[in-house]
Amino acid sequence: MSKKDSGATVILAYLNEKNRPYSAQDVFCNLQKEHGLGKTAVVKAMELLALEGKIKEKVYGKQKIYFADQAQFKDVSDADLKAMDSQISELSAEVQSLTQSCKQLDAELKELNSSLTTEEMISEIRELKAECSGYRARLEKIKSATNHVTPEEKEKVYKDRDVYVKEWRKRKRLASDMINAILEGYPKSKKEFLDEVGVETDEDCKVAVPST
């Protein structure tokens, strides 16, 4: 059997098996990977099969549609059609159920793959225990220290801080008032004046008055 005849045989069997309309492009896409048929060979084979009356051809505008010769199939009764419809519905429901089960199993598989293995859990527990031991040692060291700050000393530090912060604000305000008064009669900019007299502001030193 020649390659040409082989291609026509494959296409004829395919159309009879599927028993639905296809264009030459559809048949080429569906059979090319498995049978290695070229598009030109598919077009010629389908035209030849139609010419020989082995398949039927319908023309819609510029497109040709091919399908199996229905005369070769036996008539189907209404009862048979209903039975096939029922079977299709059952199979569709089964497919939907299986698809849902596959999605659920896939989700469970992804969750299991992202979980730690037994060996990884043992290693993680070992590391956490070592970390906890280090924290306990540090805590015991702190508890046993004799240079703890008393509540009275802590209170004094906070009060001193408040005094210094208030003084800082006061002096900054006084300095700002003095500089502004001088700048009223100064011919240059504020920045030039500060550079000339060598004054460094809080902003120059990248510091700010703490909040109380």
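UniProt positions follow the numbering used here, feature names are shortened, and annotations may be inferred rather than shown by experiment. With that in mind, the unreviewed UniProt entry lists residues 9-68 as "domain: Homologous-pairing protein 2 winged helix". The model is predicted, so local features need pLDDT of at least 70 and side-chain atom pairs pLDDT 80 or more, while totals for chains, interfaces and linings use all residues. Residues are numbered from 1 along each chain as its sequence is written, and side-chain values use heavy atoms, leaving out hydrogens and water.

Let's start with that domain. Residues 9-68 are 58% helix and 20% strand, with the end C-alpha atoms 13 Å apart; helices (H or I, at least four residues) and strands (E, at least two) are DSSP runs, numbered from the N terminus.

Now look inside. A nonpolar core is a set of buried Ala, Val, Leu, Ile, Met, Phe, Trp, Tyr and Cys residues joined through side-chain atoms within 4.5 Å, where buried means under 20% relative accessible area, exposed over 50% and partly exposed in between (1.4 Å probe, protein chains only). The largest such core has 16 residues, and Ile 11, Leu 15, Val 27, Leu 31, Val 42, Met 46 and Ile 55 have the most contacts inside it. Helices H1 (3-18), H2 (24-35) and H3 (39-51) each give it two or more residues. Apart from this core lies another of 5 residues, including Tyr 186 and Phe 193.

Those two rings have centres 5.2 Å apart and planes at 70°, so they pair edge-to-face; rings of Phe, Tyr and Trp (its six-membered ring) pair if their centres lie within 6.5 Å, with planes under 30 degrees apart stacked, over 60 edge-to-face and the rest tilted. Tyr 186 is buried at 17% relative accessibility, and Phe 193 is buried at 9%.
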